[in-house]
Amino acid sequence: MNALIFLQAGSAQPSDWVLFFGRFHPLIVHLPIGFLLIAGLLELGRRLGKVGVDSSTITNILFWSALSATVACIAGYMLSLGGGYEEELLTEHMWQGIGVAVFAWIAWAVKSDTVGYRIPLGSAFYVPALGVSLLLVAVAGHHGGALTHGSDYLTQYAPEPLRTLAGIPPRKSNVAIKPITDVNQAVVYEQIVNPILQSRCVQCHNAEKAKGGLRYDTAEMLKKGGEDGPVFVAGKGLESSMIKRCLLPEDDDDHMPPKGKTQLTEGQIALLTWWIDQGASFDKKVADLQVNDAIRPVLASLGGGGALETGKGAVANRTDGVPAPVAPVLTMKVPAADPKVIDELKKTGLLILPLSKEQNQLEVSAVNARTFSDQQATLLPKLTEQIVWLKLGDTEITDATLAQVAKLKNLQKLHVEQTRITDAGLKNLKGLTNLEYLNLYGTGVTDAGLIELTNLKNLKTVYLWQTKATEQGLANLKKVMPNLEIIGGITEQAIAEFVKAAPADAKADDQKKN
């Protein structure tokens, strides 16, 4: 086995056998941790007279801790040959792990009846050796977690009192995501693509853990690619490894994100594919790119209520070219919000943004507060007059939150996409007479819930794709509300058609220019 390891150290690519056994490191490494902790606790209890345990029992536990620590070191070395780890942190973790094994062997040797008597003053080394091994277990474990999950994994959600005592800087979001108020004017990479990468890819592809030599944490690193070359080919989404890996079966070893991790949604894959097909620009806005019918509802679900055009050019508010009338709630006079209430809401992670300098109307967004819950939603009615745009998509809210939302009498736009909202929650909205825009994408709404929407007389746009509503239900809603713009579903077939249509759109655009 040792010969195999040294052979692999000098080769360019470790064999499958080495990587296979290396994958057992996370499993094996828990054995010495458990054994050493048990040995330490038993020894402490024995010395304090609280535990009646034979000395040979502790000796046997120390033997297995030393042996399992050694095996864990070997497996860890094999795992490291696969690459993708921050070198300095990996080196520290390696020597700390070796230290655990060495001091565990020393503690066993001086404690053992068969070996200890041969070591001069051996008993004097026992307690220090056991103590150092326990200390190194804690440090090596922390660095092992940092290699796998990032350096701030342990402290990321530490509450403020602990952060202050430990000297940890105030909690900050890894990426400052600029909220989308008008999707047409959103910078595609900064506001659409990067948030997807940050939430689904950066955990394994960052400065400290670059699997496959690939990093997604910055635009520069994304452009650079990894060990296998670029991850995207501008203009060719389906030929880009970024998309190919997402579309592989989840059981495939090359599928990304790996099985067990939170997977990309169909909409997210469609957005990434569209961005690459449109040239993978890092500075262009949505309005600068071609938007076909398949990607249109996906983009519109991200934020804002303005209509999306189907090609390049100025953004249109209405398909007939006539500017849409300004909603009364955007111009009416409302009192300024209480600063204390604003601060209270901000503590939950919500973004509170004024819609204009002249008015007191507010947009409240949970774009950086994915854990926002029903309990926190009870704070919303404190701004019952000021909140006109509310974005709670992709959070932990349920129907109970809509009972609080119903108290926001001037609400014009509501985003609750990809939440646990159902038909029962929609019954609460019937009193929102100013509601014009409602995004229910990815919720549990059925045809029964669509009936509740008929009570919203001023509703102009509703997004219902990937809900449980049927085509018949959508048709019935259209009959009752003929002026309502209903954005239906997008399926895997629609995504496939979008991918095929994108090159055709580009070709048609080129023919027009010529």
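At what angle do helix H4 and helix H5 pack, and how far apart are their axes?

## Helices H4 and H5

This is a predicted model, and in it H4 (residues 30–47) and H5 (residues 55–80) pack at an angle of about 155°, with 8 Å between their axes. Angles over 145 degrees count as roughly antiparallel, so H4 is roughly antiparallel to H5. The crossing of H4 past H5 is left-handed.

If you want to look at the contact itself, H4 brings Leu31, Pro32, Phe35, Leu36, Ile38, Ala39, Leu42, Glu43 and Arg46. On the H5 side they meet Ile58, Ile61, Leu62, Trp64, Ser65, Ser68 and Ala69. By class, that contact of H4 with H5 splits into 12 nonpolar, two polar and two charged residues.

## On to helix H6

H5 also packs with helix H6 (residues 87–111), at an angle of about 155° and with the axes 8 Å apart. H5 and H6 are therefore roughly antiparallel to each other, and their crossing is left-handed.

From H5, the residues in this contact include Ser55, Ile58, Thr59, Leu62, Phe63 and Cys73. Among their counterparts in H6 are Leu90, Gly97, Ile98, Trp105, Trp108 and Lys111. Taken by class, the contact of H5 with H6 has 15 nonpolar, six polar and one charged residues. Ile58 and Leu62 turn up in the H5 part of the contact with H4, and they are also listed in the contact with H6.

How do the strands pair? Strands of a sheet pair through backbone hydrogen bonds, either parallel or antiparallel.

## Which way do the E2 side chains point?

In a regular strand the side chains alternate between the two faces of the sheet. You can follow this in E2 (residues 362–365): Leu362 and Val364 point one way, while Glu363 and Ser365 point the other way. All of them are buried, Glu363 included.

## A look at Val233

Val233 lies in the loop between helix H10 (219–224) and helix H11 (241–247). Its relative accessibility is 36%, so Val233 counts as partly exposed. Setting aside neighbours within four places in sequence, Val233 is in contact with Glu239, Ser240 and Ile276. From Val233 to Lys223 is 10 residues in sequence and 10.0 Å in space, C-alpha to C-alpha.

## The whole chain

Stepping back, the protein chain has 20 helices and seven strands. Of its 514 residues, 44% count as buried. Among contacts with a separation of 6 or more, 61% are between residues 24 or more positions apart.

How values were computed
Residues numbered from 1 in each chain as written. Predicted model: local features only at pLDDT ≥ 70, side-chain atom pairs only at ≥ 80, totals over all residues. Heavy atoms only, no water. Axes fitted to C-alpha atoms, helices over the stretch in contact; angles between N-to-C directions. Helix = DSSP H or I, 4+ residues; strand = E, 2+ residues; numbered from the N terminus. Parallel < 35°, antiparallel > 145°, perpendicular 65-115°, else oblique. Left-handed = near helix turned anticlockwise from the far one by under 90°. Contact = heavy atoms within 4.5 Å. Nonpolar A, V, L, I, M, F, W, Y, C, P; charged D, E, K, R; others polar. Buried < 20%, exposed > 50% of the residue type's maximum accessible area, 1.4 Å probe, protein only.
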